[in-house]
Amino acid sequence: MLLHMMFMDQRYNESGSTLIGQLDMESGTQAFQQRSLSVKLWPPSHGTRLMLVERMTKNLTTPSIFSRKYGLLSNEEAEEDAKKIEELAFAAADQHYKKEPDGDGSSAVQVYAKESSRLMLEAIKRGPTVKDEEIADKTSIHETVFDISGGRRAFIDAEEAEEILKPLREPGNSYTKICFSNRSFGLDAANVAAPLLSSVKQQLTEVDLSDFIAGRPESEALEVINLFSSVLEGCQLRYLNLSNNALGEKGVRAFGALLKSQNNLEELYLINDGISEEAAQAVSELIPSTKKLKVLHFHNNMTGDEGAIAISDIVKCSPALEDFRCSSTRVGTDGGVALAEALKTCTRLKKLDLRDNMFGVGAGVALSKALSLFAGLTEVYLSYLNLEDDGAEALANALKESAPSLEVLDMAGNDITAKGAASLAACIASKQFLSKLNLAENELKDEGAILIGKSLGEGHGQLNEIDMSTNAIRRAGARLLAQVVVKIPGFKLLNINGNFISDEGIDEIKELFKSSPDMLGSLEDNDPEGEDYEDEDEDEENAEEGNELESKLKDLKIEQGE
């Protein structure tokens with residue numbers, strides 16, 4: 001996959017016009033060194049450029065873990081992409097070479113290889129081109145989606161409902177998705193909507209009723225819910241959003257007729273709905289089947305441990321689940337363990353968000369056993385779970401052996417110290433597709449920061465954001481982090497605010513970012529005299545310790561996909 005490896009095994013012959021591949025490193029190294037002073041490595045020959053196109057075409061059409069995730073390109077599309085990639089990479093490298101015409105061209109070759117590798121990865125992640133018939137389907141989206149959520153959030157009365165819902169009366173309409181979000185229906189408006197919904201319910205596949213009873217008295221809101229539920233009963237939905245309605249158990253059960261008739265749901269959203277223990281139990285009882293469920297979101301509810309156990313029953317019966325969110329739901333250790341056990345059945349999981357709960361170490365260790373099963377995981381949000389070092393280490397060790405395509409790792413606010421940082425660093429070093437890393441509000445200090453920084457030294461070309469704020473980091477740790485990220489192409493933001501960096505350290509860091517100041521986040525909350533601040537001599541000692549810490553990372557290998 002990484003094309004610069006190809007260039008490390010090849011060189012030009014004495015005339016500099018052709019490329020000789022697979023150099024014998026033992027017998028050829030001395031001869032190569034003797035000629036290196038006279039050999040021009042740039043520009044490559046026409047044959048070399050064709051060879052690169054052929055190599056990339058082969059990689060783009062070879063089944064791999066990436067093709068399973070993003071789809072496999074056809075030979076024709078791969079060849080076309082490879083030609084474009086080579087042309088763009090050549091142009092970038094040639095422009096670079098013109099700035100150093102007296103050099104041997106080795107840096108231009110590096111640019112050529114790295115740019116080719118970067119663009120090829122983009123092509124892989126973009127996947128196969130959408131077919132013409134699919135494009136045609138998308139152009140008719142205005143005919144299939146009926147959405148009244150735009151504009152101000154407001155009540156809707158019967159008269160306005162008659163006018164705004166008029167398109168639903170048109171015979172032969174092809175609406176498959178309706179969105180009534182952001183408009184509050186009273187009973188009069190609901191009575192206008194009911195027969196219209198009944199007329200289209202057999203063609204509906206997606207229904208969004210989020211935030212559609214705001215500000216209504218409970219009795220009226222429940223009547224509206226019952227009416228909508230009975231009218232929509234029996235429609236075969238793949239998507240249902242009932243978020244932001246403060247449902248509680250009464251509201252969930254008022255939706256009973258609709259929920260009981262759903263056997264094919266793929267996405268279900270119950271965000272900010274007052275889902276208590278009883279309400280969660282009601283959801284579990286009412287939905288007959290979740291075998292096809294891919295997305296389940298329960299964010300910002302008062303679920304608690306018992307409610308989490310009820311949710312775990314839903315999760316346990318959802319083997320196709322790809323995106324699970326149960327954040328800010330007041331779940332403690334018992335509920336966390338129950339969810340972790342249930343998640344073991346969801347081996348297709350790609351995104352997991354359990355932020356802002358009270359799991360503790362026990363639930364963290366239990367969750368680590370589930371994480372080891374998620375080969376396709378790309379985003380994991382585990383911040384503010386009271387994991388501490390033991391929980392964090394268990395999770396990091398599990399992630400290291402799984403989730404090769406992980407892009408987002410969030411473990412902020414877990415009281416992780418330098419002890420836990422060693423396992424985290426080993427995990428991070430193995431994740432070459434990581435784009436965002438959040439370890440804010442821990443207790444990593446310089447030793448932990450240096451371990452994390454060293455783990456990012458190579459193989460992280462996709463990384464664009466790191467948050468290490470509020471970690472009692474001082475000059476040595478902050479400096480090393482800055483030195484690492486400024487070398488990453490396309491990097492966007494380093495947040496090291498709220499630490500204990502000396503004034504001299506701040507100056508050093510700003511100097512490193514002088515050509516790209518936007519990459520460095522605000523430092524206004526930095527405290528050079530924080531409680532863990534020590535004198536400059538100890539800062540220098542920490543810098544020296546960095547060399548010792550680096551040796552701890554020598555065994556951290558990055559396994560790169562073919």
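Tutor: The model is predicted, so local features need pLDDT of at least 70 and side-chain atom pairs pLDDT 80 or more, while totals for chains, interfaces and linings use all residues. Residues are numbered from 1 along each chain as its sequence is written, and side-chain values use heavy atoms, without hydrogens and water.

The second largest cavity holds about 40 Å³ of space, a volume filled by probe spheres set on points joined across faces, edges and corners. Its lining (residues with an atom within 4 Å of a point) is made up of L242, L247, V252, L259, L268, L270 and V283. By class, this lining has 7 nonpolar residues, no polar and no charged ones, where Ala, Val, Leu, Ile, Met, Phe, Trp, Tyr, Cys and Pro count as nonpolar, Asp, Glu, Lys and Arg as charged, and the others, Gly among them, as polar.

Turning to the helices (DSSP runs of H or I, at least four residues, numbered from the N terminus), consider α10 (residues 187–200) and α11 (residues 218–232), whose axes come within 9 Å and cross at roughly 5°. Axes are lines fitted to C-alpha atoms over the stretch in contact, with angles from 0 to 180 degrees between N-to-C directions. That crossing makes α10 roughly parallel to α11, the term for angles under 35 degrees. In α10, L187, A190, N191, A193, A194, L197 and S198 meet E220, E223, V224, L227, F228, V231 and L232 in α11, contact meaning heavy atoms within 4.5 Å. This contact divides into 10 nonpolar, 2 polar and 2 charged residues.

Further along, the axes of α20 (residues 445–455) and α21 (residues 475–485) come within 8 Å and cross at roughly 15°, which makes α20 roughly parallel to α21. Here D446, A449, I450, G453 and K454 in α20 meet R475, A476, G477, L480, L481 and V484 in α21, and these residues divide into 6 nonpolar, 2 polar and 3 charged.

Helix α21 also packs against α22 (residues 503–512), their axes coming within 9 Å and crossing at roughly 0°, and α21 and α22 are therefore roughly parallel to each other. In this contact, R475, A478, R479, A482 and Q483 of α21 meet E504, G505, E508, I509 and L512 of α22, giving 4 nonpolar, 2 polar and 4 charged residues.

How values were computed: On a 1 Å grid over the protein atoms alone, a cavity is a set of points where a 1.4 Å probe fits but cannot get out, and a pocket is an open set with protein on both sides within 12 Å along at least five of seven lines; lining residues have an atom within 4 Å of a point. Helices (H or I, at least four residues) and strands (E, at least two) are DSSP runs, numbered from the N terminus. Angles under 35 degrees count as roughly parallel, over 145 as roughly antiparallel, 65 to 115 as roughly perpendicular and the rest as oblique.
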